[in-house]
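Subject: Structure handover

Hello,

Here is the structure I said I would pass on. My notes on it follow below.

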Amino acid sequence: NGAVLASNEEMAMHMKIAGWECPIYNISGLAFGKQEVIERVGSIKPWHERKPRVVFSARWDQEKQPDFYMDLIDAWHKRHPGSGVEFAICSGAKLKSNNDSYMKRTRNMQAAGTLTLHEDLNKNDYYNIVNDSRVVFNCALQDWVSNTVSEADALGCNVLYPAYRSFPETFSNDPERLYVPWSIEDALDKLEKLLKKPSENMGKI
């Protein structure tokens, strides 16, 4: 007599295809307290006062595609040398990965000054960084709705995610904040615009 609640239609479809014989309901989204997130930073920082910073806040593991993010950073600096844009990783613990090659590349990029690492962050530390950034970027192969997008959108930060799995539903198919998976060129084009001004749909996620 049980039922399953899914956070998005894509996940509900996976359950149905797997042959689950119970009622499945798509509740469209995760339980999320927007006001509670905003209260942790005090107030939303005005756009023109924010650092031109791009934040990566997923785990640094293979399924999150760190190499794609690092490729994007390299491509950005090739296209926009001396732009002053900061690319950051935010982690709640010491950065680690299930692929050693990512860590070696990360350290090399840190030494070159193209990638900044913020480690051992508590939730408030992380929110304060997002509240002083312009874009939160994602390139994961297995994320679904993702709390990171809700948090960033609540804190007045632009978000750029792949048009993959549940993200088109989560973003209401917003073409300015979704990029073609896994196109560096499309992600770069969208990132350029999202670093310049806030999305007209900000706050709706």
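Please keep in mind that the model is predicted. With a relative accessibility of 4%, Asp174 falls under the 20% limit and therefore counts as buried. Leaving out residues up to four places away in sequence, Asp174 touches Ser199 and Asn201.

A polar atom of the Ser166 side chain lies 3.2 Å from the backbone nitrogen of Val145. Not counting residues up to four places away in sequence, Ser166 touches Asn8, Glu10, Trp144 and Val145.

Two of those partners, Asn8 and Glu10, turn up again at the start of helix α1 (residues 9–17). There a side-chain oxygen of Asn8 comes to within 3.3 Å of the backbone nitrogen of Glu10. After α1 comes Gly19, which has a positive phi, near 90 degrees.

Positive phi values also occur in residues other than glycine. Ser28, in the loop between β2 (24–26) and α2 (34–41), is not a glycine, yet has a positive phi of about 50 degrees. Gln65 is also not a glycine, and its phi is positive, near 60 degrees. Gln65 is in the loop between β3 and α3. Because its relative accessible area is 18%, under the 20% limit, Gln65 counts as buried.

Next, the nonpolar cores. In soluble globular proteins, nonpolar side chains tend to be buried together. In this model the largest nonpolar core has 29 residues. Val54, Trp60, Tyr69, Phe87, Leu115, Phe137 and Leu191 have the most contacts inside this core. Two or more residues each come from β3 (53–56), α3 (66–79), β4 (86–90), α4 (100–112), β6 (135–137) and α8 (184–196). The element that gives the most is α3, with six residues. Another core, of 20 residues, lies apart from the largest one, and Leu155, Cys157, Phe171 and Leu178 are among its members.

Which residues are in contact with Phe137, leaving aside its neighbours within four places in sequence? They are Val54, Val55, Phe56, Phe68, Tyr69, Leu72, Leu160, Tyr179 and Ala187.

Ala140 belongs to the loop between β6 and α6 (147–154). Its relative accessibility is 2%, so Ala140 is another buried residue. Apart from neighbours within four places in sequence, Ala140 is in contact with Glu63, Lys64, Pro162, Tyr164 and Trp182. The C-alpha atoms of Ala140 and Met109 are 20 Å apart, and 31 residues separate the two along the chain.

One of the contacts of Ala140, Trp182, deserves a separate look. Trp182 is in the loop between β8 (178–179) and α8. The peptide bond joining Pro181 and Trp182 is cis, with omega about -15 degrees.

That leaves the helix pairs. Two packed helices are described by the angle between their axes and the distance between the axes.

For α3 and α4, the angle is about 25 degrees and the axes are 10 Å apart. Since angles under 35 degrees count as roughly parallel, α3 and α4 are roughly parallel to each other. The crossing of α3 past α4 is left-handed. On the α3 side the contact is made by Pro66, Asp67, Met70, Asp71, Ile73 and Asp74, and on the α4 side by Tyr102, Arg105, Thr106 and Met109.

For helix α5 (residues 123–130) and α6, the angle is about 55 degrees, with 9 Å between the axes. That angle makes α5 oblique to α6. Here the crossing of α5 past α6 is right-handed. Lys123, Tyr126, Tyr127 and Val130 of α5 meet Thr148, Glu151 and Ala152 of α6.

Regards

Conventions:
Residues numbered from 1 in each chain as written. Predicted model: local features only at pLDDT ≥ 70, side-chain atom pairs only at ≥ 80, totals over all residues. Heavy atoms only, no water. Core = buried A, V, L, I, M, F, W, Y, C linked by side-chain atoms within 4.5 Å. Buried < 20%, exposed > 50% of the residue type's maximum accessible area, 1.4 Å probe, protein only. Helix = DSSP H or I, 4+ residues; strand = E, 2+ residues; numbered from the N terminus. Contact = heavy atoms within 4.5 Å. Polar contact = N/O pair within 3.5 Å; in protein donor to acceptor, adjacent residues only side chain to side chain. Axes fitted to C-alpha atoms, helices over the stretch in contact; angles between N-to-C directions. Parallel < 35°, antiparallel > 145°, perpendicular 65-115°, else oblique. Left-handed = near helix turned anticlockwise from the far one by under 90°.
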